[in-house]
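Please keep the sequence and the structure in view while reading.

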Amino acid sequence: MAYHVSADEFERIAAEALESIPPALRAQMDADNLLITIQQDATEDDRGGGIDQRVLGYFQGSSESTFSATGYPKRIVLLQHHIERWSRTREELVDQVHDTVLHEVAHYFGMNHNDIEQTRLHH
Ligand SMILES: [Zn+2]
């Protein structure tokens, strides 16, 4: 049973999650022009790259992009419909967004899944 919110509401929740990141780390993310983007669903490229319904978001680093050698900017993508699909209440949705943002930010800072304690549904 999925819990749905509007795109605006989802954006607000994501912004709140970002605000929970320590300022020193956020300053580095800003300086690096790290993009946080919200996609409603996985694109065909995403699915080709192994992004399935269990993936709530992902980090795409410029050096390790599997999509293009010419280089996308580093970005964190949150997949709104995927996150909604695994949330039954607003509270769960907020938790999932926070967990996903923190998880992908950890990847941005070079942590792998052995370093990140909870891997759950994330990518
Ligand atoms: Zn991950």
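## Strand pairing

Gly57 has Leu78, a residue of S3, as its bridge partner. Gly57 is part of strand S2, residues 57-60, which pairs with S3 in the antiparallel sense through four bridges. Strand S1, residues 35-39, also pairs with S3, but here the two run parallel and five bridges join them. In that pairing, Gln39 stands opposite Leu79 of S3. These positions come from a predicted model.

## The strand S3

Is strand S3 enclosed or open to the outside? Five of the five residues of S3, which covers residues 75-79, are buried, so the strand is largely enclosed by the rest of the structure. Buried here means under 20% relative accessible area. The burial applies to both faces: Arg75, Val77 and Leu79 lie on one side, Ile76 and Leu78 on the other, and all are buried.

## The chain as a whole

The protein chain holds five helices and three strands. Read from the N terminus, their order is α-α-β-α-β-β-α-α. The chain has 123 residues, and 37% of them count as buried. Its accessible surface is about 7200 Å², with 49% of that belonging to carbon and sulfur atoms.

Contacts can also be sorted by distance along the sequence. Of those between residues at least 6 apart, 64% join residues that are at least 24 apart.

In soluble globular proteins, nonpolar side chains tend to be buried together. In this chain, the largest nonpolar core has 19 residues, and Phe10, Val97 and Val101 have the most contacts inside it. Helix H1 (7-19), S3 and H5 each supply at least two residues of this core. H5 gives the most, with six residues.

Which residues does Phe10 touch, leaving aside neighbours within four places in sequence? Phe10 is in contact with Val5, Ile38, Leu78, Gln80, Ile83, Leu93 and Val97.

## Helix H5

Helix H5 runs over residues 90-108 and has 19 residues.

Key. Residues numbered from 1 in each chain as written. Predicted model: local features only at pLDDT ≥ 70, side-chain atom pairs only at ≥ 80, totals over all residues. Heavy atoms only, no water. Expected span 1.5 Å × (residues − 1). Buried < 20%, exposed > 50% of the residue type's maximum accessible area, 1.4 Å probe, protein only. Contact = heavy atoms within 4.5 Å. Areas by Shrake-Rupley, 256 points an atom, 1.4 Å probe, with all protein chains shown as cover. Pairing = 2+ DSSP bridges. Core = buried A, V, L, I, M, F, W, Y, C linked by side-chain atoms within 4.5 Å.
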